[in-house]
Amino acid sequence: MTSAFNAIMLILGVALGMPSAALADEVPYVTTPTAVVDAMLSIARVGDKDYLFDLGSGDGRIVIAAAKQFHARGVGIEYDGTLVAQSRESAAREGVSDRVEFLQQDIFASNLLNATVLTMYLLPEVNLDLRPQILFELRPGTRVVSHDWDMGDWEPDDRRVVTTSEKTVWPLTESRVYLWIVPARIAGYWRGTLKGPDGEEPVVIEFAQRFQNASATVWHRRWAMAGSGRIRGNIVSLGLDRSSRKPGSAPLRFTLRVDEGRIEGEALDGRERFLLRAIRLVD
């Protein structure tokens, strides 16, 4: 087990700009307080259909708690073989061995594709190193929870501050819990139709995206609508300004679902219904 002193020194190393690759090989083992474990599972809304992966699982407490409290399945990924053995013993003692497993692996070499929830208590630079894998390999809607450390300029979808007296590293009296929902990747061009009270017409949609924030232009034959929105998993909430076609009108607010190269949804304006459908154009 890495001592609290070594953990603090590694954290200071991040602040002083030490290379992240060196830190990724030795993320310190610092236990997560019970109140923080509960907050991490709560903010992710873990349930019995979930498959939770914990990176740097230590003594296995997060995975075991998810299985015991919410009947979720879980995988703990830990580099230290002694901690893996301890976790397996704890799971057997708590009666959840049939729902969890613990693997001795490098977190960067692990297959996370099946995760519906990903939890971690790592280091700031390690979080950033993991960010591309999280964004490009995990399915849209996967919930990602981090204890104390954020993801840089990827803003969390939710956060909580948890008071605790169990911590052995800074800050000693409280923890921060962050939640991100992996967004669908929608940037690029889409071709489809917009159907409204005046009929159906072809459109081309251009999406730009920065994490869960998006902007769009919907090109019609003679006019265009532009706007912005937010992505939560595979759901896009998008407001489009149509004043160039209908001066003084309120924006159309679409709720769109993304699924395997297709996007579809509707907006309501009083009694008028607008249906937008499109497929992704491949360059």
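Residues are numbered from 1 along each chain as its sequence is written, and side-chain values use heavy atoms, with hydrogens and water left out. Because the model is predicted, local features need pLDDT of at least 70 and side-chain atom pairs count only at pLDDT 80 or more, while totals for chains, interfaces and linings use all residues.

The model contains an open sheet of 7 strands. Helices (H or I, at least four residues) and strands (E, at least two) are DSSP runs, numbered from the N terminus. The strand order is β3-β2-β1-β4-β5-β7-β6, and the pairing is mixed. Two strands pair if DSSP finds at least two bridges between them. Strands β3 (100-104) and β6 form the edges, and each pairs on one side only. Neighbouring strands are turned by 15° against each other on average, direction ignored. Axes here are lines fitted to C-alpha atoms, for helices over the stretch in contact, and angles run from 0 to 180 degrees between N-to-C directions.

Strand β4 (residues 117-120) is joined to β5 by 4 bridges, and the two run parallel. Thr119 has Val145 in β5 as its bridge partner. Helix α5 (residues 81-94) packs on the sheet and touches β2 (73-78) and β3. Contact means heavy atoms within 4.5 Å. The direction of α5 makes about 170° with that of β3. Helix α6 (residues 124-137) lies across β1 (51-55), β4 and β5. Helix α6 runs at about 170° to β4.

A search of the whole structure finds 5 aromatic pairs. Rings of Phe, Tyr and Trp (its six-membered ring) pair if their centres lie within 6.5 Å; planes under 30 degrees apart count as stacked, over 60 as edge-to-face and the rest as tilted. Trp154 lies in the loop between β5 (143-147) and β6 (158-163), and Trp180 in strand β7 (residues 174-181), so the pair ties together parts 26 residues apart in sequence. The rings of Tyr178 and Trp180 also have centres 5.9 Å apart, but their planes are at 25°, so they are stacked.

Trp154 has a relative accessible area of 0% and is buried (under 20%; exposed is over 50%, partly exposed in between; 1.4 Å probe, protein chains only). Trp180 is buried, also at 0%. Tyr178 is buried as well. Trp154, Tyr178, Trp180 and Phe211 form one aromatic cluster.
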